[in-house]
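Me: I have a structure to go through and would like to ask about it piece by piece. Could we begin with how some of its strands pair?

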Amino acid sequence: MTPLNRRSFVAAAAGAAAAAVAMNPQTAFATDREGTSQGGDDFADADKGFIAALTPGVVKNAKGQVVWDSDAYDFLKGDAPKTAHKSLWRQSQLVSKQGLYKVTDRVYQVRGLDLSNMTIVEGDTGVIVIDPLISAETAAAALKLYRAHRGDKKVTGLIYTHPHVDHFGGCRGVLPDGAEDGVPILAPEGFMEHAVSENVYAGTAMQRRSGFMYGAQLPKSAAAQIGCGLGQTVSVGSIGLIPPTKAVTETGQVETVDGVRFEFQMTPGTEAAAEMNFLLPGLRAVCMAENATHTMHNIITLRGAQVRDARQWARYLGESVVLFEGRADVAFASHHWPTWGGATIVELLEQQRDLYAYMHDQTLRMINLGMTGREIAEELELPPALAGVWANRGYYGSLSHNVKGIYQRYMGWFDGNPAHLWEHPPVEEAKRYVKAMGGRTATVAKARAFARSGDLRFAVTLLNHVVFADPGHKAAKSELAAIYTRLGQGSENAVWRNFYLTGARELREGVPDSPTTVASADMLMALSVDQLIDSVAVRVNGPKAWDLSLRMDWCLPALGKVWHLTLRNGVLTYRSDTGKDPDAGVTLTMTKSQLLAMLGGKGLGGIGVEGDASLLAKLLGVVEKPDPGFAIVTP
């Protein structure tokens with residue numbers, strides 16, 4: 001589905017019998033107009049500049065484990081099957097193209113070796129790498145592919161366009177430990193703060209939900225995972241983080257890296273809280289980071305994140321037109337394929353500007369008419385001139401959940417109805433619904449009837465109540481998994497498809513083994529001590545620590561500061577200065593590496609201890625370990 005609003009859904013389904021709709025959800029969710037190419041042939045543009053592919057398209061880690069397999073998507077070469085939305089199939093065919101591509105003179109991209117693209121700009125003495133993918137292994141493979149065809153050039157600069165892990169995690173693949181010395185690393189102001197909040201503070205929960213969003217555990221097949229709309233999937237290699245050495249702080253800032261001039265546009269609050277575009281004026285090329293790609297993007301992601309500002313996003317795209325019009329012959333981004341031609345670039349930017357502005361303005365208009373987020377998501381339609389553009393289709397973001405995100409940004413979780421102010425939690429609510437419906441068997445029977453009539457949405461609502469009321473009810477779980485599969489296979493939105501199909505898989509097979517945490521040792525080493533303490537504070541089990549009161553000092557001489565920690569009332573707070581706290585129960589003197597080892601449970605080896613060392617054990621005793629495999633589709 002687009003996903004569609006209620007009127008489009010009804011119009012699309014009106015011509016088919018209820019039984020046919022029930023059997024073929026793609027019929028119900030098909031759009032009433034075909035997408036149109038934005039200014040050219042997308043397939044020709046996606047192939048333009050192709051030099052060579054990685055063959056075979058498989059990347060392994062040092063242990064021989066596969067961390068990326070682009071060959072797994074070879075099935076996409078055929079026509080769309082009944083198990084996939086034709087429009088999403090087309091998008092997946094485009095983004096699954098893999099290899100080294102020439103964008104323009106001195107600008108190259110490696111695409112299809114991770115969720116994102118890695119861009120390489122040739123400088124006077126080496127290469128500047130932009131957004132080095134998720135994993136060190138895929139980034140190293142991408143750089144090796146470039147070097148095989150363009151020469152063994154050293155990395156002389158690194159640029160992160162924004163703090164999402166698919167744009168910095170592979171940094172160690174292009175700058176191994178120690179190789180970063182003297183290499184300028186540029187990022188937008190606020191990069192480290194948001195990299196932490198995005199990937200560490202709520203990292204465990206986001207990673208768990210990312211498994212649903214990207215369908216990483218699903219088989220790669222026409223019936224299962226066919227892509228993410230933004231890319232194909234996420235690599236599962238080693239994640240690192242080398243802190244930036246230079247912050248970009250304002251639009252118009254100019255930096256020269258290895259002889260290449262960069263002119264930056266700051267775009268905070270758009271696709272990321274800290275993000276930037278840049279122009280290469282000497283090469284007549286502009287990088288739009290992740291602000292203008294070939295899909296509707298997310299105002300709020302299904303994996304979880306801060307709500308983005310659709311209003312500012314639209315305004316910055318309008319500013320991009322003013323800044324870059326007539327100065328670029330090609331626009332490239334951190335995902336998808338480039339756009340060539342000055343007029344075509346402007347057309348793409350203006351269409352995406354109007355997309356985000358329309359969503360924002362119309363949602364606010366309807367909010368002020370008293371409508372709730374769910375109601376607006378059902379009613380709001382894009383104008384035909386915007387909805388028909390391939391680059392505006394909801395492959396990754398969707399009109400439905402974006403509208404709800406805009407509502408959330410302005411109005412919060414509460415819709416104003418007192419009945420929704422103090423609802424029961426899911427399990428208790430489910431038990432009452434099932435009881436009111438006449439019991440589990442009766443509720444399942446009613447759900448089947450709704451499914452047969454084509455109302456899959458209400459069928460899953462009823463079945464979900466049964467599963468939460470009785471997670472051992474096999475018939476309800478089986479029926480719910482079957483309808484999730486139908487909804488997923490009929491969806492035009494890739495991440496909706498992956499959520500539905502992953503939910504179905506977990507209902508049938510249970511929660512798979514949890515992947516390792518995003519917060520790798522390299523990433524943790526890049527955090528400040530303040531950020532490390534914050535990451536501990538958000539894991540304190542408050543009730544368990546209610547009656548615990550302690551004070552301690554963490555002294556890090558190499559940083560010239562002492563951190564004074566206080567645990568009281570179930571809250572860990574701190575301040576820092578250069579002196580010692582005379583009331584501290586213990587002072588621990590250490591290096592940052594020793595601090596990380598201590599927080600990782602490796603004890604006090606090598607750490608200087610003055611006072612009662614048992615206070616550390618008391619603190620760590622109330623710090624909870626996150627659960628990376630928590631239940632989602634069951635209680």
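Me: What is the bridge partner of L100 in β5?

Reply: The bridge partner of L100 in β5 is V110. Please keep in mind that this is a predicted model.

Me: How many bridges join β4 to β5, and do they run parallel or antiparallel?

Reply: Strand β4, residues 99–104, is joined to β5 by 5 bridges, and the two strands run antiparallel. In their hairpin, 2 residues lie between the strands, and R106 takes a positive phi near 75 degrees.

Me: And on to β6: which residue there is the bridge partner of Q109?

Reply: That partner is T119. Strand β6 covers residues 118–122 and runs antiparallel to β5, with 4 bridges joining them. The hairpin of β5 and β6 has 6 residues between the strands, and there G112 takes a positive phi near 80 degrees.

Me: Is β5 mostly covered or mostly exposed?

Reply: Strand β5, residues 107–111, is mostly covered, with 5 of its 5 residues buried.

Me: Which residues of β5 point one way, and which the other?

Reply: V107, Q109 and R111 point one way, whereas Y108 and V110 point the other way; all of them are buried. In a regular strand, side chains alternate between the two faces of the sheet.

Me: New topic. What is the strand order in the open sheet of 6 strands?

Reply: The order is β11-β12-β13-β14-β15-β16, and the pairing is mixed. Strands β11 (254–257) and β16 (339–340) stand at the edges with a single partner strand each, so one side of each has no neighbour in the sheet.

Me: Which strands does helix α10 touch there?

Reply: Helix α10, residues 310–324, packs on the sheet and touches β12, β13 and β14 (285–287). The direction of α10 makes about 145 degrees with that of β12.

Me: How are β12 and β13 joined?

Reply: Strand β12 (residues 260–266) and strand β13 (residues 276–280) run antiparallel, joined by 4 bridges. F264 stands opposite F278 in β13.

Me: Last one: at what angle do the axes of α21 and α22 cross?

Reply: The axes of α21 (residues 529–537) and α22 (residues 592–599) cross at roughly 5 degrees and come within 12 Å. Angles under 35 degrees count as roughly parallel, so α21 is roughly parallel to α22.

Me: Which residues make that contact?

Reply: From α21 they are V529, L532 and V536, and from α22 they are K592, L595, L596 and L599. These residues divide into 6 nonpolar, no polar and 1 charged.

Conventions. Residues numbered from 1 in each chain as written. Predicted model: local features only at pLDDT ≥ 70, side-chain atom pairs only at ≥ 80, totals over all residues. Heavy atoms only, no water. Buried < 20%, exposed > 50% of the residue type's maximum accessible area, 1.4 Å probe, protein only. Pairing = 2+ DSSP bridges. Contact = heavy atoms within 4.5 Å. Axes fitted to C-alpha atoms, helices over the stretch in contact; angles between N-to-C directions. Parallel < 35°, antiparallel > 145°, perpendicular 65-115°, else oblique. Nonpolar A, V, L, I, M, F, W, Y, C, P; charged D, E, K, R; others polar.
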